[in-house]
Amino acid sequence: MNNFLLYLRYISVSFKSQMQYKVSFWLQVLGQFLGTVIEFLGIWALFTRFNSIGTWTLAEIALFYGTINISFACADALGRGFDSFTKIIKNGDFDRLLLRPRTTVLQLLGMEFTLKRIGRFSQGLVVMGWSLSTLHIPFTVKTLWLLGSSFIGSVALFVGIVIIQATLTFWTIESLEIMNILTYGGVETAQYPLSIYGKWFQRFFTFLIPFGCVSYFPLVAVLEKERAFLIPLWFCYVSPLAGILFLIVSLKLWKLGERYYCSTGS
């Protein structure tokens with residue numbers, strides 16, 4: 001069995017285990033959905049009071065909000081094994097993964113596909129659909145490419161951040177909570193256009209952690225506002241590749257971390 005088919009088998013087993021208690025599962029999905037609905041109501045209340053943030057309207061902000069939330073929901077579902085890696089290290093279970101004739105990355109990605117993230121994904125999809133409808137943005141090849149590449153790049157970026165967080169655990173044992181600044185903090189940041197932040201903040205989330213590349217630039221092109229911010233249109237089409245490059249770098253760091261793993265002695 002090749003790696004792809006094995007991963008699908010992992011996902012199938014994960015689905016079956018999570019659906020053993022259907023009522024619990026659907027309540028968790030509902031909780032995820034309502035939690036993010038309340039979050040967006042906070043943004044709506046902000047615009048009800050101030051009408052706009054700079055030149056940005058509620059419908060435009062909703063496009064950023066919806067896109068980044070569906071991306072994070074998918075990444076969070078995919079990377080659950082890396083997110084809970086500190087328990088695997090502390091229990092000595094990583095030794096068992098190393099003995100198996102498959103890569104540890106594949107095994108951790110297949111450890112759990114968190115279905116309850118469907119709640120956040122659905123809410124983000126509804127918000128994004130409302131935004132596109134309100135702004136009368138047609139589904140052209142250009143729009144589909146920009147939205148699709150932004151989604152793929154964002155998922156890759158979030159998974160890469162979680163992998164780096166897990167990699168640091170090889171040395172720290174305990175997961176570093178500061179990394180949540182880049183995951184959940186990154187979600188909060190990318191829900192709004194990068195242009196509303198300070199210059200140093202924009203540079204950090206463009207060149208070091210490329211949220212601007214995977215979310216801001218392609219969505220600015222979808223909204224046809226790239227000229228207003230002096231952004232080359234061609235760059236908006238290719239900028240989401242930064243998320244994939246970030247994931248590749250994080251996987252290289254993971255391999256480096258594996259080399260220094262010394263077990264727990266348990």
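Analyst: A term to start with: a pocket here is an open set of grid points, where a 1.4 Å probe fits, with protein on both sides within 12 Å along at least five of seven lines, and its lining residues have an atom within 4 Å of a point. Note that this is a predicted model.

User: OK. What volume does the largest pocket have?
Analyst: About 300 Å³.

User: How many residues line the largest pocket, and which lie nearest its centre?
Analyst: The lining has 14 residues, and K199, Q202, T206, Y216 and F217 lie nearest the centre.

User: Which helix gives the largest share of that lining?
Analyst: Helix 11, with five residues. Helix 11 covers 199-208, and helix 12, at 211-222, also supplies at least two lining residues.

User: And the lining by class?
Analyst: Nine residues are nonpolar, three are polar and two are charged.

User: Switching topic. Where does UniProt place the feature "transmembrane region"?
Analyst: The UniProt entry, which is unreviewed, puts it at residues 25-47, 53-78, 151-173, 204-223 and 229-251.

User: What does the chain look like over 53-78?
Analyst: Residues 53-78 are 81% helix and 0% strand, with the end C-alpha atoms 33 Å apart. For residues 151-173 the values are 96% helix and 0% strand, and the end C-alpha atoms are 32 Å apart.

User: Last one, L6. Where is it?
Analyst: L6 sits in helix 1, residues 3-18. Its C-alpha atom is 9.8 Å from that of R102, which is 96 residues away along the chain.

User: Is L6 buried or exposed, and why?
Analyst: L6 counts as buried because its relative accessibility is 17%, and buried means under 20%.

Definitions and conventions
Residues numbered from 1 in each chain as written. Predicted model: local features only at pLDDT ≥ 70, side-chain atom pairs only at ≥ 80, totals over all residues. Heavy atoms only, no water. 1 Å grid on protein atoms, 1.4 Å probe; cavity = no way out; pocket = protein on both sides within 12 Å on 5 of 7 lines; lining within 4 Å. Points joined across faces, edges and corners; volume = space filled by probe spheres on them. Helix = DSSP H or I, 4+ residues; strand = E, 2+ residues; numbered from the N terminus. Nonpolar A, V, L, I, M, F, W, Y, C, P; charged D, E, K, R; others polar. UniProt positions renumbered as here; feature names shortened; annotations may be inferred. Buried < 20%, exposed > 50% of the residue type's maximum accessible area, 1.4 Å probe, protein only.
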